[in-house]
Amino acid sequence: MTRVMAQVGMVMNLDKCIGCHTCSVTCKQTWTNRTGVEYVWFNNVETRPGLGYPKRHEDQEQWKGGWVRTKRGRLKLRSGGRIRRLTQIFSNPKLPSLDDYYEPWTYDYDTLISSPAMDTTPVARPKSMITGKDTEIRWGANWDDDLGGTHERGHLDPMLKGIEDSVVFELEKAFMFYLPRICEHCLNPACVAACPSGAMYKRSEDGIVLVDQDRCRGWRMCVSGCPYKKVYFNHKTGKAEKCTFCYPRLEVGQPTVCAETCVGRLRYIGLFLYDVDKVLAAASVEDDKDLYEAQLDVLLDPNDPEVVAQARRDGIADDWIEAAQKSPVYTLAKKYRLALPLHPEYRTMPMVWYIPPLSPVVDALANSGHDAEDAGNLFGAIDALRIPIGYLANLLTAGDVPVVDGVLKRLAAMRSYMRDINLGRDTDESIAEAVGLTGEDLYEMYRLLAIAKYESRY
Amino acid sequence: MTETPTRIDDPFVDALISARSFLTRSETSPDHRAVHYVGGREGDVFYRDRWSHDRVVRSTHGVNCTGSCSWKVYVKDGIITWETQQTDYPSVGADSPEYEPRGCPRGAAFSWYTYSPTRVRYPYIRGVLLEMYRAAKVAHGGDPVAAWASIVDDDAKRRTYMSARGKGGLVRASWDEALEMVAAAQVHTIDRWGPDRVAGFSPIPAMSMASHAAGARYTSLIGGTMLSFYDWYCDLPIASPQIWGDQTDVPESADWWNASYLIMWGSNIPTTRTPDAHFMTEARYKGQKVVTVSPDYADNTKFADEWLPAHPGTDGALAMAMGHVILREFYVQRQVPMFVDYSKRYTDLPFLVSLRAHGESFVPDRFVNAADLGQDVEAAEWKPVLIDAATGETVVPDGSIGFRHNESGMGHWNLDLGDVDPLLTMHADGAETVTVDLPRFDAGENGTERGSVIRRGVPVRRMGDRLVTTVYDLLLAQYGVARDGLPGTWGAGYDDADAPYTPAWQEEITSVPAATVERIAREFAQNAEDSGGRSMITLGAGTNHWYHSDTIYRAIISLVLLTGCQGKNGGGWAHYVGQEKARPFTGWAQLAFGADWSRPPRQMAGTSFWYLHTDQWRYDAFGADEVATPLGTGRFTGQAMADTLAQAVRMGWTPSYPTFDRNPITLAADAEAAGMSAPDYVVQELKADRLKFSVEDPDAPENFPRVLTVWRANLLGSSGKGNEYFLHHLLGADGAIDGGQTPEGKRPKTVAWRDEAPTGKLDLLVSLDFRMTSTGLFSDVLLPAATWYEKYDISSTDMHPFIHAFNAAISPPWQCRSDHDVFQKMAAVFTELAGPRLGVVKDVVALPQQHDTPSEISQPGGRVLDWRAGECEPVPGRTMPNLVVVERDYSAIAAKMGALGPNVESIGTVVKGITLRQPKSVEHLKKVNGTVVGGVADGRPRIETAEQVCEAILTLSGVSNGAVAVAGFEFLEKRTGQVLADLARDNEGKHITFADTQSRPQPVITSWEWSGSEHGGRRYSPFTINVERKKPWHTLTGRQHFFLDHDWMAEVGECFPTYRPPLNLAAIAGYPTIGDHDEQQVVVRYLTPHSKWSIHSEYQDNLFMLALSRGGPDIWMSREDAEKIGVRDNDWIEAHNRNGIVVARAVVSHRMPEGTVYMYHAKDRTVGVPRVEKTGKRGGIHNSLTRLLLKPTHLIGGYAQLSYGFNYYGPTGNQRDEVTTIRRRSQEVQY
């Protein structure tokens, strides 16, 4: 072990996300409700399948975000070697345009009250916030919410790659889930590496990735470099802005706005301790599918006395070490391996983790000849999920289906195990054993995922 | 670490880039990949500064939304910046998720309104009217009332300002001038037409009780009419009063956590109960199974273990089939002791029903009662009977309504059966059997609604000359559950698709596979057995907003009754549609109804009011007989729906204001002049035909409502079903009605038909709002209201057990005022004008027979006797409306507004049949609020400020004042003879003050005001007190009703749970047929579910919500329907039917089922609505395509639980049976 650093992380349990977008609204109200960033949502929520915001941001063939591993085993920004980028700073060709986000608009509301007498009811018509002129609304920050228009454009969702044949946009086979996104505050941030001005940095104490507003020169290499498209350009100040993990709140012991206001109660915040010297090696493993394990390996066990000793040597305060020991994100990501990193294949070592959604559907089971009345099948089986597991794997494990399958099985086992307790019956330990856990493990998972008190989420 | 450091790029580039590290003070990682900074980040000051604020104030959002979420409102430099949710709700226990955070994206976007350009900042009056008024005032020597009279009495002037309504041209006015004009109109109306021509509308008091009470109190004190909202919104599940005698009572959301089986049925929890949805997602982890029933792939389906995609409006068929399976497998094939015991104690299933001969068969007649047994006891006709299985003898059990309202019933109104074991069935070896004819509506003749008849058998006994059986035996016959030895036609089994209510039968109707329904029904019941009744069904607008929602609900609720789940934590129904549980009900009702000064107030069923006064009754295409069964007596033959309303009014079932074609003040004076009591005089005049009910000629000018004040509501942009009829007939503005009026042969017989339908009935429309809505656009006077963040109030809901406060984060900006302050001021201006002109008068108030009062047992046997037809004598309060003379001192209105009146001690507060004199509460209020000095209110507690009103509400209510809770329970203990007061006694000294609610949400005290117990920290579930403490339901039998034996229920064939399909409007009203299409247009079912991006019309104009949705009016349609007419996602379309026309964008999605479109409720015409292609007029709102359809049975009164109560029983403003045509329009739109 060489050097321990602390990193704040977040887990979002997609299985609980109701897609309400409260997080987006409270975040926008707090941080980006001002000119220059009208189109900016530090936090947004996408209906998947869908194109996302900005459109098809996951298509790195187009946007060239994140890192790639060279044949020689080195990491290189996908947007090209640094020389290449330095030559392009005045004409960044890989920036999403306003069309890829959306052209923000407002309405001439005032007409409703000030209209002189006219021949019909006054109305507030849409006006572009960019040009100030009349506009017709053709795209927005959340255009394909709840599968709106998805049968027309859903095939453009980059996550359908490889599973195109199994996805049909028909009512009977409809599926969806929501993907809330903020900045990943990566351990290996491509935006930071891409910044020619040295304006982007990770805070030493908690790893939050920030843009130094004084130093930013508006080159926008960070916008291109971020494969999640979570760095934005303020067209009024000419500088980059991004999710700050609400550090002014965090510093006084409050969770982020998006987390505290999440009525689905699906967000957890906590500290990771990690071996900072292992990051690059982990991000450079050959096979994309090994990146998840490599990322887990970087995270240190905060209860390991050696880790604690090294952390102290590296100047991490005892209360931070204690926080890391109680960290729900560590428990969910590493102890129970329920939370997975978003797009590990970008090799940025993202620190916002996701528990994949169950989407059980027993009629598929019943139709396939299973007896759904068997106790074990009351909730359906993982292989009959409505959401194609390949889709989740494309999102969370670089396509590694068995990893996602394992998570979903642990969740399903927890439900089955708890049902016996709920109905006052003897517990069936074989349910826990089948997923390599104990009954106590499942019960602890249940407490953390279901009871989820404020104190245990943050 | 032993490996060599990994590097980025190649060595040259690394060297180059590493130079970066020399340019910064900070640490760059050895691989030059990451930069770490510590401290001193001047560049980040911006974000720290943005987060800083001066104050955080607790408030919430009133009305409109049922969430009742407590929020933190942030204030910086005197400006409201944003809001986030409070997280300080008291814990609900170590083993449960908490109520935090509560809130949703809509609420989180509220502060936008504060400074938005849609904010109403000043009083406005339509310019053309204001000019007339100013001129008239000059011409009439400055007399505002005379000036007003001169305008409204002049037809040309009326026409001029009414036709300008909604078309801009508003000008600023001063508060003084605006209030003077409003008061002048009210005074003139009272003087000329009567106080019942002044109306007020404001819904859902629970979420801002003081704001609601302000205007309701004012309206009530001047003798005006307050209009109901719960039934009008079609949020009232009419099955609830029918089954339980209770308006609605449901579990708090934390009780979902206790369920081990949950069906979300037409109830899209994540969208419509956003703050509470987590209890559902989390309960799954506890092993709860989740099933959804929804025609589309709704948001909640994502969480479901199973999805039953029943066709819209066919939910009743699904539920009947589930009931069929449960009865067969858990009652007939095997008896589950818990289910049987529950049925005997808590339902009407063991009660005896007489059979009436019908041709060669029989039909169910009515409950056998003590009078039938020849017993000479008090209220014998109101005491249904059953048979004791042990003795075989008939028994008159305690607990029926015959024990509720008389002295001899003291101590006997309870569900204690003693040693009696009620006999559930007559079925036994050798039992006599007969056939019964039962209506079915799934297979109507010629596509009509009347259905046909099925013949089944029941075991019977003979009692004298009567054939009797039990409700249970009839229920099995109704559900088609066969037993050995019974005659009649029975299905061959679950897979018999021809036999009504089998799983196979429902598959043809709902499309849900029979095997699935069979399995879900079995699981549901098995779970109830395994868990002790913890199977729950949440219900929503998807099942409730139909014309026949009562039948849908009865079929669904039967599932939780048959499985013993109702009245159990974690079980039973959970109806979440427009909840309005004002927990401190007693205090709110006192203040809002002005009952502390004068009683009774005038309150009318909203639907009846709008149906009459917007002339929607003139457009009915089918009559009452259309919904009657062939088994009926033909009593509806030739009757229009309006005829049934007129009959219900004159029989005293349902209220109607204006009541008579004469000013009720004049009527009182006339009676006095004639030397008669008012009731005698009215009866005489009615009999002599010199006096008419207004309902019998609603288009006569003397029967118009004249002044309407709307606050906390958007009647014309949101809730008004038949929006275009409102605009055209009530307001005289442009309306886009495109359908013919009722053809001559189908017109009402007892309601006068005038060839020329009036336009512009309403002299003055006044509204208060903080934002510009359609109601504001069409108002003559628009007053600027304070927002929720600018005033004091209290909020509660049934979703959680807390009461919490609104506080003013800032003072109302510009010229805005709180509702409370507006009505206090209005009262002052009114009193000044009215005192000298009107003085002290007597006012004859007509009242229907009221639920929870002795008048609910005025029409025994559910027999309909119409005095007009000579079937009985007109007796006020029994066979016709009760008539009460109220004295009104119009010079004392302002004084009464601001003080708590003496009735609180002298008569007492009356709620749900419990009367409490509250001198101690009044003494307390005198001390904390101070007292008035001088005048009519001398010495009375002040309620001049909203904070004082809140204090009074909390002091007078049981949920917030332990002493009141205990006193009420003690009252009830005497009546029931059961122990109850212990539920509140440990909180007897607890008194929640307004300050308490300001500091933190306060959990309520268990009170008789509601039916569940929170005692000992348990979660609220309705009717747990009934089940655990043997307190009867407020019904005929005192039990939960499967059987409703009223004449009109029998006439429409709904004595038992049944399935009635959505109205076939194509067949009965000449509408186009769903599915018909050509290349231009397609005919589809038109539904208006609740939106993800608004709470009704609020927030749909909010910039944040518009940014996250499609930015304007939209209609969701299936890809199949869209393809038929060449519509692509986001194309402009027009939806058109006989009621109006809507211009919207299409949202095309495979989530939608073919044949159905959604226009999410509620899209106002204010934002982004283009003009209609053909007419050039503004496109309509979602309710431009709807129209009221009255169901006669919702008008029944005078019969136990089927009696009128404000927001308790009344015709629903249903709208889901509607169809529309969709066409692609020119993509060039004009605004």
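User: How many residue pairs are in polar contact across the interface of chain B and chain A?

Analyst: The model is predicted, and the pairs counted here have both residues at pLDDT 80 or more. On the side of chain B that touches chain A, there are 61 nonpolar, 36 polar and 49 charged residues. Across this interface, the number of residue pairs in polar contact is 62.

User: What is the area buried between chain B and chain A?

Analyst: The size of an interface is often expressed as the accessible area lost when the parts come together. Here 146 residues of chain B are in contact with 151 residues of chain A. Carbon and sulfur atoms give 54% of the buried area, which is about 12400 Å².

User: Which residue of chain B meets Lys16(A) in a salt bridge?

Analyst: Between chain B and chain A, 17 salt bridges are counted. In one of them, at 2.8 Å from N to O, the side chain of Lys16(A) meets that of Glu282(B).

User: Which strands stand at the edges of the open sheet of eight strands in chain B?

Analyst: The order of the strands in this mixed sheet of chain B is S7-S6-S25-S24-S23-S8-S9-S22. A strand at the edge has a single partner strand, so one side of it is left without a neighbour in the sheet. The edge strands of chain B are S7 (170-172) and S22 (602-604).

User: Which residue stands opposite Ile125(B) in S25(B)?

Analyst: In chain B, strand S6 (residues 124-126) and strand S25 (residues 781-784) run antiparallel and are joined by two bridges. The residue of S25(B) opposite Ile125(B) is Val781(B).

Note on methods. Residues numbered from 1 in each chain as written. Chains lettered and ligands numbered in written order. Predicted model: local features only at pLDDT ≥ 70, side-chain atom pairs only at ≥ 80, totals over all residues. Heavy atoms only, no water. Contact = heavy atoms within 4.5 Å. Buried area = accessible area lost by both parts, 1.4 Å probe. Salt bridge = Lys/Arg side-chain N within 4 Å of Asp/Glu carboxyl O. Polar contact = N/O pair within 3.5 Å; in protein donor to acceptor, adjacent residues only side chain to side chain. Nonpolar A, V, L, I, M, F, W, Y, C, P; charged D, E, K, R; others polar. Pairing = 2+ DSSP bridges. Helix = DSSP H or I, 4+ residues; strand = E, 2+ residues; numbered from the N terminus.
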